Amino acid sequence: MKKFFKFILITAITLAILAGAVWALSYWYDHSNFLQSTFGNAKTIQSGIRIPTDDPTKVETISADLGGKISLLIFTIVLLMQIAALGVIAIVVRKISRLQGATLAQKEAAFKDADIFLDLPLYIGLFGSVSSFVLIAFSPQSSRLVAYSSTLIGIIFSVCSKLGLLYPIKQKLLMQEIEENNRKKS
């Protein structure tokens, strides 16, 4: 029951943080020239979507603000997912490294099985790239920015998780195994 309550509490806190982040980003986008110029266009764009007007031959334009806000939202979601994935990776790596009674070979096998977690940042970056291409119709500039940057962030987070989390623990386990072998020989 405690685990269920903890899960519900963490989920509620996470959703509250995400809602606050979406509101804050929307506010900052509306009040920041930098965010508007980075994720939106200075001009309105021709959408090609017919919106009912008094003149049936007129095609309304959609403001680039919508495309810019959606691009910023996708970028933020990808960034938050990357941070969450890094936390999950840290938990998994720590859990494997603390396995009691497991040999180095068993821990190595567990690390190989957990390799999917180390690739999560790459998959999240790919998700950001693909989802941002949906926005090309609204904002080509910002959709390309989000596509390239989410892929780059995915690569960076993946490398950082392997070098910063996995490598030190594997080295520590290897040193422990060498020390145990040296004690057995003595």
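A residue is called buried when its relative accessible area is under 20%, exposed when it is over 50%, and partly exposed in between (1.4 Å probe, protein chains only). The structure described here is a predicted model, in which local features need pLDDT of at least 70, side-chain atom pairs count only at pLDDT 80 or more, and totals for chains, interfaces and linings use all residues. Residues are numbered from 1 along each chain as its sequence is written, and side-chain values use heavy atoms, with hydrogens and water left out.

**Salt bridges**

Side chains of opposite charge can pair when their charged atoms come close. A salt bridge is a side-chain nitrogen of Lys or Arg within 4 Å of a carboxyl oxygen of Asp or Glu. The whole structure contains three of them.

| Pair | N to O distance |
|---|---|
| E108 and K170 | 3.7 Å |
| D119 and K162 | 3.6 Å |
| R183 and E179 | 3.9 Å |

E108 is partly exposed, with a relative accessible area of 26%, and K170 is likewise partly exposed at 26%. R183 is exposed at 57%, while E179 is partly exposed at 45%.

**The surroundings of S150**

S150 is buried, with a relative accessible area of 0%. Leaving aside residues up to four places away in sequence, S150 is in contact (heavy atoms within 4.5 Å) with V78, Q82, G125, G128 and S129. For S129, the backbone nitrogen lies 3.1 Å from a polar atom of the S150 side chain.

Note on methods: Polar contact = N/O pair within 3.5 Å; in protein donor to acceptor, adjacent residues only side chain to side chain.
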